[in-house]
Amino acid sequence: MPHDHNDDHSHSLLPPDPQLQVKALETILSEKGLIDREALDAIIDVYQNQIGPQIGADIVARAWQEPAFKKRLLADAESVLGEMALSGRQGEHVVVVENTEDTHNLVVCTLCSCYPWPLLGIPPSWYKSDAYRRRAVHSPRSVLAEFGVELPEDKKIRVWDSTAEIRYLVLPERPAETAGLTDEALRGWVTRDSMIGTGFPKPPEAG
Amino acid sequence: MSNKPHDMGGLPGGAIVPDFGKEAVFKEGWHGRALALTLAAGALGRWNLDASRNARECLPADDYNRFSYYEKWLAGLTNLLVDHQLVSPDELRAGQANKEAADIAATPLPAAKVPAVLKKGGPTRRAIAAEPCFIVGDVVMTKSLSQISPQQNNHTRLPYYASVKKGVIIACHDAHILPDSHAHFKGEAPEYLYGVRFLAGDLFPDPERPGDEICLDLFESYLQPVKI
């Protein structure tokens with residue numbers, strides 16, 4: 001039975017340059033028949049080219065347009081996403097939280113970097129940074145200010161610290177300027193940050 | 001203070017550098033390889049996601065604080081590979097497999113199965129016979145870290161900043177695998193998982209707004225009832 005790895009130092013046997021570490025591990029594991037290099041390419045392809053915030057944006061745009069869908073999404077996102085074949089690794093159990101006139105939601109993982117991968121892809125560097133992990137629960141307003149987000153004095157912030165296997169997606173408020181827009185045009189307003197809570201929906205950039 | 005460097009919620013920190021959606025998914029080529037290696041090695045089934053997190057948390061504090069994100073992943077992976085005797089220290093030193101070593105009976109994850117494996121993920125919900133101890137609206141007090149894990153190095157998902165604090169149950173997420181047990185290969189030990197809401201004023205002596213809220217998902221054994 002493997003022992004618990006408390007203060008293990010095996011990693012220090014590898015060269016300090018992480019590029020060389022990757023090369024060494026890949027060589028050793030493929031020589032031993034423990035990994036298939038093509039599988040590595042396939043994993044990278046999924047996260048680089050297939051999964052990303054456009055998936056979450058589709059969900060948000062649909063929720064803005066279809067009240068019945070929105071109601072189900074907020075009540076039981078896991079079933080809704082399961083039916084749409086949108087669950088998956090790091091998003092097996094998803095809860096969607098709605099921004100309202102009174103409350104702004106913000107998502108963080110203070111202990112590591114939990115994030116709804118199947119809906120937003122791999123988290124950006126700042127989400128995984130010590131600064132965000134340290135400050136989001138204690139100083140959400142100053143954190144938001146660094147994203148250019150100012151909230152009215154009387155709006156409450158609700159921070160979601162993803163401490164277990166539940167992943168959170170923010171359903172931002174639909175901007176009044178999007179009245180009349182549908183589908184594609186509406187999706188363009190939904191930014192990744194607006195689904196984490198560090199931004200608002202905004203008009204798509206030209207080009 | 002918590003004795004583990006990863007448990008940093010609520011501490012002062014530096015400036016945040018937003019990317020506004022512009023950053024590449026993998027900023028460096030090796031980032032993607034590090035992630036893919038971790039997932040592909042994990043698919044061998046010798047350890048679970050909780051053990052992977054624990055391996056990163058158990059890095060010496062100097063390394064944890066010094067390493068970039070994917071360097072932590074690589075270090076955690078390397079230690080798991082050695083602990084589980086899939087790779088030897090000599091092989092790490094040499095940067096290649098020892099041709100004399102006995103074969104390991106394992107089937108590598110094939111490329112064709114990658115989409116299905118990622119789609120399936122690793123759901124953690126489990127059915128248990130017991131009834132939940134708490135219902136929505138109950139006031140609870142979180143335990144101290146030493147109550148939860150008398151051994152200092154035990155893995156837990158209760159952050160220090162939310163320990164010994166009063167909160168209210170806002171959701172019951174059914175029962176889920178308990179990371180505190182699973183990370184140490186002591187079984188899934190599923191427990192009810194609750195959404196618990198805390199007031200900023202109850203968590204921190206100097207909150208921005210005492211009425212702001214912080215919600216965490218906490219396991220039943222992290223909580224004790226509060227009589228009102």
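pLDDT is the predictor's confidence in each residue, from 0 to 100. In chain B its mean is 95, and 99% of the residues reach 70 or more. What you're looking at is a predicted model, in which local features need pLDDT of at least 70 and side-chain atom pairs count only at pLDDT 80 or more, while totals for chains, interfaces and linings use all residues. Residues are numbered from 1 along each chain as its sequence is written, and chains are lettered from A, with ligands numbered from 1, in the order in which they are written. For the complex, the predictor gives an ipTM of 0.97 and a pTM of 0.96.

**Chain A at a glance**
- Chain A has 10 helices and 4 strands; helices (H or I, at least four residues) and strands (E, at least two) are DSSP runs, numbered from the N terminus.
- Reading from the N terminus, the order is α-α-α-α-β-β-α-α-α-α-β-β-α-α.
- The C-alpha trace spans about 60 × 40 × 35 Å along its principal axes.
- An automatic or database assignment sets the domain bounds, giving domain 1 (17–49) and domain 2 (52–196) in chain A.
- The centres of these two domains of chain A, taken over C-alpha atoms, are 31 Å apart.

**Inside the fold**
- Of the 207 residues in chain A, 53% are buried, meaning 20 or more other C-beta atoms lie within 10 Å of a residue's own, with C-beta atoms placed from the backbone (12 or fewer is exposed, in between is partly exposed).
- Setting aside neighbours within four places in sequence, A:V60 is in contact with A:L171, A:P172, A:V190 and A:M195; contact here means C-beta atoms, placed from the backbone, within 7 Å.

**Where A meets B**
- Chain A puts 82 residues into the contact and chain B puts in 87 residues.
- On the chain A side, α1(A) gives the most, with 11 residues.
- That side of chain A divides into 34 nonpolar, 24 polar and 24 charged residues (Ala, Val, Leu, Ile, Met, Phe, Trp, Tyr, Cys and Pro count as nonpolar, Asp, Glu, Lys and Arg as charged, and the others, Gly among them, as polar).
- β3(A) pairs with strand β5 (residues 213–219) of chain B in the parallel sense over 4 bridges; pairing takes at least two bridges found by DSSP.
- A:D161 has B:L216 as its bridge partner in β5(B).

Definitions and conventions. Contact = placed C-beta atoms within 7 Å.
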